[in-house]
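Here's a quick briefing to read alongside the model. Take a look at the sequence and the fold, then go through the notes.

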Amino acid sequence: STVRVIFEVSVEAGTATTCAVEALNPSFGIVGWTELELEPIEAFTSTHAVEVRTSELATTGLVSECWVS
């Protein structure tokens, strides 16, 4: 199964970024994880969506961290 996570990233325009995205079950255990590489864009804030594959039903998803890549 999968969970779709939609999120915004704010960084200086032209900065390539990578984000770690997690899927969580009702007990807040991690049941899926992926890294999403974001290409540089000319805006400070951008919106992104990613499907995270899970090992069991996920009730939420979140971005655990992002870094300049």
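Which residue takes a positive phi in the hairpin of strand 2 and strand 3? That's F28, with phi near 65°, in a hairpin that has five residues between the strands. Before going on: this is a predicted model, where local features need pLDDT of at least 70, side-chain atom pairs count only at pLDDT 80 or more, and totals for chains, interfaces and linings use all residues. Residues are numbered from 1 along each chain as its sequence is written, and side-chain values use heavy atoms, with hydrogens and water left out.

**The sheet**

- Three strands make up an open sheet in the order 3-2-5, with antiparallel pairing; strands here are DSSP E runs of at least two residues, numbered from the N terminus, and two of them pair if DSSP finds at least two bridges between them.
- From one strand to the next, the twist averages 20° (axes are lines fitted to C-alpha atoms, and angles run from 0 to 180 degrees between N-to-C directions).
- Strand 2 (residues 17-24) is joined to strand 3 (residues 30-38) by eight bridges, and eight bridges also join strand 2 to strand 5.
- As background, strands of a sheet pair through backbone hydrogen bonds, either parallel or antiparallel.

- T17 is buried, at a relative accessible area of 3% (buried means under 20%, exposed over 50%, partly exposed in between, using a 1.4 Å probe and protein chains only).
- The bridge partner of T17 in strand 5 is V68.
- Not counting residues up to four places away in sequence, T17 touches a list of residues including V9, V11, L36 and W67 (contact means heavy atoms within 4.5 Å).
- T18 also sits in strand 2 and counts as buried at 5% relative accessibility.
- In strand 3, T18 has E37 as its bridge partner.
- The side chains of T18 and S69 make a polar contact of 3.1 Å (a pair of N or O atoms within 3.5 Å; within protein, one must be able to donate a hydrogen and the other to accept it, and residues adjacent in sequence count only if both atoms are side-chain atoms).

**I6 in strand 1**

- I6 belongs to strand 1 (residues 2-10) and counts as exposed, at 57% relative accessibility.
- Leaving out residues up to four places away in sequence, I6 touches T47, H48 and A49.

Key:
Helix = DSSP H or I, 4+ residues; strand = E, 2+ residues; numbered from the N terminus.
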